Amino acid sequence: MSSPRPVVPARRRALRVLAAAGAYAALRPAIAGEPRAVLTRPIPSSGEPVPVVGLGSWITFNVGSDPVARNACADVIRNFVAAGGRMIDSSPMYGSSQGVIGDGLKKLGATNVFSAEKVWTSSGARGPAQIEASRKFWGVPKFDLLQVHNLVAWEEHLRALFAMKAAGQVRYVGITTSEGRRHGDVEKIMRAHPLDFVQVSYNVLDREVENRILPLARERGIAVIINRPFREGDLVRTIMRKPLPPFAAEIGAQSWAQLILKFIISNPAVTCVIPATTRVDHVQENVAAARDPLPDAAMRARIVAHVERM
C-alpha cells in the first residue's frame, strides 16, 4: 500500500523518545519465553524490510461467493497479519481470490499489508483496465507491487508498469514464472531491465534457480519471491508420512512445513516465500518458520540429502 506520509515537525520530539525506547528494546536481552521477532529481508531497490514469509492465494482463496469460505479466508488473513506477516500475493488468473482478499482486508481494517498483484492478459492494451479492476477487488489505493504474470506479453506490460512506477501509481515492478518454466527468458529480462522483483519456484527438491537466477538476483539487486514452496501441497503430503528428522530441532523446525520453509528462506537471495493455505493453524505454523535459527550451508545440504533419500 502507499508509503508512510512525512513526519510533521510537531511530532519529532515524541518520535525521538519512541525511537530511543525502540533502540533500548532491540538491545536488551530477550526475556525467557518471549517469541523471537519475525525475520525480514530488505527489498534491494529501496531497503524497505519485508517479512520473509508471506501468503499466496492460488487455489486456496478461489472460493467464489460462499460466505462461510470467505470468512475462513478472512480468518487466515487475520492470523497471518497478527503473526507478523505482510506480503499477500494474487493474480487475475486466480478466480475469485482477489475479491476474497479485498473482502478479508475490509473486514479486518488491515492497513499494513504489502499488496503484490499481477497483470495477466495477452493484450498489452487491456493491461491497464485489468490492473484497475484488480485494484478495485482489493480495495487498495494502489498496489505495492505489480508483476507480469508468467511473462505473458511481458514487453508491453513492463513498459506500462515502469510508466506507472514513474508516475507514482505503483511502488515496485516485477516478473514471475512458475514450475521451472522460461528461466532463460527470465534471466535475459533480469539483465536488461531495472526490475525490483522476480518471482520463481524453489523448494528443497526444485533447486534449478540456485544455479543462475538467485545469484543473478543478488548481483543485480533484485528482490526474490518464491512460489510453490510445497509443490501445491504434494511435497508436504508425501514426506509428512515419515518422521521429522531429529536434526530439525537444531534450527527450531517443529514440522516438515517449517523445515522446508527454513531451507528456502535461508538462501540469502530469497526475500519472501508465499505459501498458500486455507487453514489458520497452517498460516501460523508458516509464519513461525520465519524466525532464527536458520540452517547454515552444512545443514542445508543435510536437509536436501535427507529429503532426496525419501
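Colleague: What should I know before we start?

Modeller: This model is predicted: local features need pLDDT of at least 70, side-chain atom pairs count only at pLDDT 80 or more, and totals for chains, interfaces and linings use all residues. Residues are numbered from 1 along each chain as its sequence is written, and side-chain values use heavy atoms, with hydrogens and water left out.

Colleague: How many aromatic pairs does the structure hold?

Modeller: There are six aromatic pairs. Rings of Phe, Tyr and Trp (its six-membered ring) pair if their centres lie within 6.5 Å; planes under 30 degrees apart count as stacked, over 60 as edge-to-face and the rest as tilted.

Colleague: Why is the pair of Y172 and F197 called edge-to-face?

Modeller: Their ring centres are 5.7 Å apart and their planes stand at 75°, so the pair is edge-to-face. Y172 sits in strand β6 (residues 170-176) and F197 in strand β7 (residues 197-201), 25 residues apart. Strands (E, at least two residues) and helices (H or I, at least four) are DSSP runs, numbered from the N terminus. Y172 and F197 are both buried. Ring pairs also link F114, Y172 and F197 into a cluster.

Colleague: What makes the pair of Y202 and F263 tilted?

Modeller: The angle between the planes is 40°, and the centres are 5.9 Å apart. Y202 lies in the loop between β7 and α7 (213-220), and F263 in helix α9 (residues 256-265), so the pair ties together parts 61 residues apart in sequence.

Colleague: How do you know that Y202 and F263 are buried?

Modeller: Buried means under 20% relative accessible area, exposed over 50%, and partly exposed in between (1.4 Å probe, protein chains only). Y202 has 0%, so Y202 is buried. F263 has 1%, so F263 is buried too.

Colleague: What lies over the face of F263?

Modeller: R300 does, at 4.1 Å from the ring centre. A charge sits over a ring if NZ of Lys or CZ of Arg is within 6 Å of the ring centre and within 35 degrees of the ring normal.

Colleague: What makes the contact of R70 and D103 a salt bridge?

Modeller: A salt bridge is a side-chain nitrogen of Lys or Arg within 4 Å of a carboxyl oxygen of Asp or Glu. R70 and D103 meet at 3.8 Å, N to O, so they qualify. R70 lies in helix α2 (residues 67-83) and D103 in helix α3 (residues 97-108), so the bridge ties together parts 33 residues apart in sequence. The whole structure has 18 salt bridges.

Colleague: Why is R70 called buried, but D103 partly exposed?

Modeller: R70 is at 19%, so R70 counts as buried. D103 is at 22%, so D103 counts as partly exposed.

Colleague: How do you know that D144 and R171 form a salt bridge?

Modeller: Their closest N and O atoms are 2.7 Å apart. D144 is in strand β5 (residues 143-148) and R171 in strand β6, 27 residues apart. D144 is buried at 0%, and R171 is buried at 16%.

Colleague: Is E250 buried or exposed?

Modeller: E250 is at 52%, so E250 counts as exposed. Its salt-bridge partner R302 is at 42%, so R302 counts as partly exposed. N and O are 3.7 Å apart in that bridge.
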